[in-house]
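Work through the exercises below with the sequence and the model side by side. Try each task before reading its solution.

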Amino acid sequence: MRFSYVVFDLDGTLLNTIDDLADAGNHVCAARGWPAHTVDEYKHMVGNGIPKLVERFSPAGTDGETLAGALAEFSAYYGEHKEDKTAPYPGVPELLAALKGRGVRLAVLSNKAHALAGPVVERYFPGVFDYVQGALPDAPLKPDPTLLHALMENIGAAPKTTLFVGDSNVDVLTGKNGGLTVCGVLWGFRDRQELEETGADYVIERPEQMLTLLSPGA
């Protein structure tokens, strides 16, 4: 088997979270009299953590104190509504079951706060993943590979047998910075051009296509 370990991004790769994120962002915008944004616009704001998302949907030039207040409002609303519309992408649960059936070890690396990432993964994929790592206050976010390397050490993964899977340029760069082969997915928040230009080794349209990458000779 070519890859014995697969590390997944979370939002836009395993779970379609964009509607709940957009609703929370627009709730803050409405409360503050700021312009709202479309779901497609939010797809290009996410990927670098919630504080950066709040900064991006806030009007240009918003001061730090206001951003901190907006972040608190977003976090409170999202905490209450993060499961309103969120769901696994079609075919993802079946893919994960097939990978586990082949003995592949699975992990998640997300820029979602660690306190949120673990419960979210367990809520939608109970008992599936060997390790879940979210963002920590004292560690750099993806695409820095610090937490990726720590995750790999924890599960005993070697770069040459580990595949990194994600839907954005942040994910591709994370995998590349960690010395991994990267598979970009097109069912998430970004397009083929972004993934290929950033250096994805593979780009797939459907979850089941990933299974061929784990076979010798792929």
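**Exercise 1.** Which residues of helix α7 (residues 146-155) are buried?

Solution. Start with the ground rules. This is a predicted model: local features need pLDDT of at least 70, side-chain atom pairs count only at pLDDT 80 or more, and totals for chains, interfaces and linings use all residues. Residues are numbered from 1 along each chain as its sequence is written, and side-chain values use heavy atoms, with hydrogens and water left out.

Step 1. Helices (H or I, at least four residues) and strands (E, at least two) are DSSP runs, numbered from the N terminus.
Step 2. Apply the burial cut-off. Buried means under 20% relative accessible area, exposed over 50%, and partly exposed in between (1.4 Å probe, protein chains only).
Step 3. Read off the list: Leu147, Leu148, Leu151, Met152 and Ile155.
Step 4. Look down the axis of α7. Its buried residues fall within an arc of 140 degrees, so they line one face of the helix. The arc is that of the directions from the helix axis to the C-beta atoms.
Step 5. Recall the helical repeat. An α-helix has 3.6 residues a turn, so residues three or four places apart point the same way.

**Exercise 2.** Find what the buried residues of α7 pack against, then see what follows the helix.

Step 1. List the strands: β1 (5-8), β4 (105-113), β5 (131-135) and β6 (162-166).
Step 2. Glycine 156 follows, with a positive phi near 75 degrees.

**Exercise 3.** Describe the largest pocket by volume and lining.

Solution. Step 1. On a 1 Å grid over the protein atoms alone, a cavity is a set of points where a 1.4 Å probe fits but cannot get out; a pocket is an open set with protein on both sides within 12 Å along at least five of seven lines; lining residues have an atom within 4 Å of a point. Grid points are joined across faces, edges and corners, and a volume is the space filled by probe spheres set on the points.
Step 1. The largest pocket has a volume of about 250 Å³.
Step 2. Its lining holds 16 residues, with Gly49, Ile50, Pro51, Asn111 and Ala113 nearest the centre.
Step 3. α3 (50-57), α4 (64-81) and β4 each supply at least two lining residues.

**Exercise 4.** How many cavities of 30 Å³ or more does the whole structure have?

Solution. Step 1. The search finds two.
Step 1. The largest cavity holds about 240 Å³. Of its 20 lining residues, Asp11, Val46, Gly47, Asn48 and Gly49 are closest to the centre.
Step 2. β4 gives the largest share of this lining, three residues.
Step 3. The second largest cavity holds about 50 Å³. Among the residues that line the second largest cavity are Leu15, Tyr78, Lys112 and Tyr124.

Note on methods. Contact = heavy atoms within 4.5 Å.
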